[in-house]
Amino acid sequence: MTKYTYKLKYMDEFNIVVLDFDEEKSLEFASMISDPLGSDIPWRFKDLKKDIENYLDLLRGNIPEYRHGGNASSVISYKDYTIIEDPFYDEEEDEIEPICKLETVEFVKIILIWAHETYKYKSERGVIAFEEANMVRKWIEQKMIEVKSIENEFVK
């Protein structure tokens, strides 16, 4: 699904899924990729939907950039690439500014993979109703098809 290496980690005590990119060697600060994937996103499908629609508009060239952030990261996306920054970076204390830069299409795939796994996991644990999780997962699968279609347009 994505070209980057990750492991799925399930944190039962918090009912969350984490994508661990620690073994990915082709990107500097690859572990930062999972920072914007907060544990509360699946609780707000409308927010996930809005983010994905904005990312699709960005990939299609309909908007010039999309900014998204949270407690642990700041994300600035352009059509071709996404930058994930640490908002707590202090140039006086830290030797190197942690910045992860990856292709936006890959970042969108990662969000969709994470959301799909999260809904599956939470429905299996009874945290989210199976019907709701199934509906959202089908929506995610459709969005993944759209992302792959846009990606194929890039190749042409």
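Predicted model: local features only at pLDDT ≥ 70, side-chain atom pairs only at ≥ 80, totals over all residues.
Residues are numbered from 1 along each chain as its sequence is written, and side-chain values use heavy atoms, with hydrogens and water left out.

Me: In what order do the elements of the chain run from the N terminus on?
Reply: Helices (H or I, at least four residues) and strands (E, at least two) are taken as DSSP runs, numbered from the N terminus. The chain has 3 helices and 6 strands, and from the N terminus on their order is β-β-α-β-β-β-β-α-α.

Me: Which residue forms a salt bridge with E103?
Reply: A salt bridge is a side-chain nitrogen of Lys or Arg within 4 Å of a carboxyl oxygen of Asp or Glu. E103 lies in strand β6, and its partner, 100 residues apart from it, lies in the segment before β1. With the closest N and O atoms 2.6 Å apart, the partner of E103 is K3.

Me: Is K143 buried or exposed?
Reply: K143 lies in helix α3 together with E146, 3 residues apart, and the two form a salt bridge. Buried means under 20% relative accessible area, exposed over 50%, and partly exposed in between (1.4 Å probe, protein chains only). Because its relative accessible area is 9%, K143 is buried.
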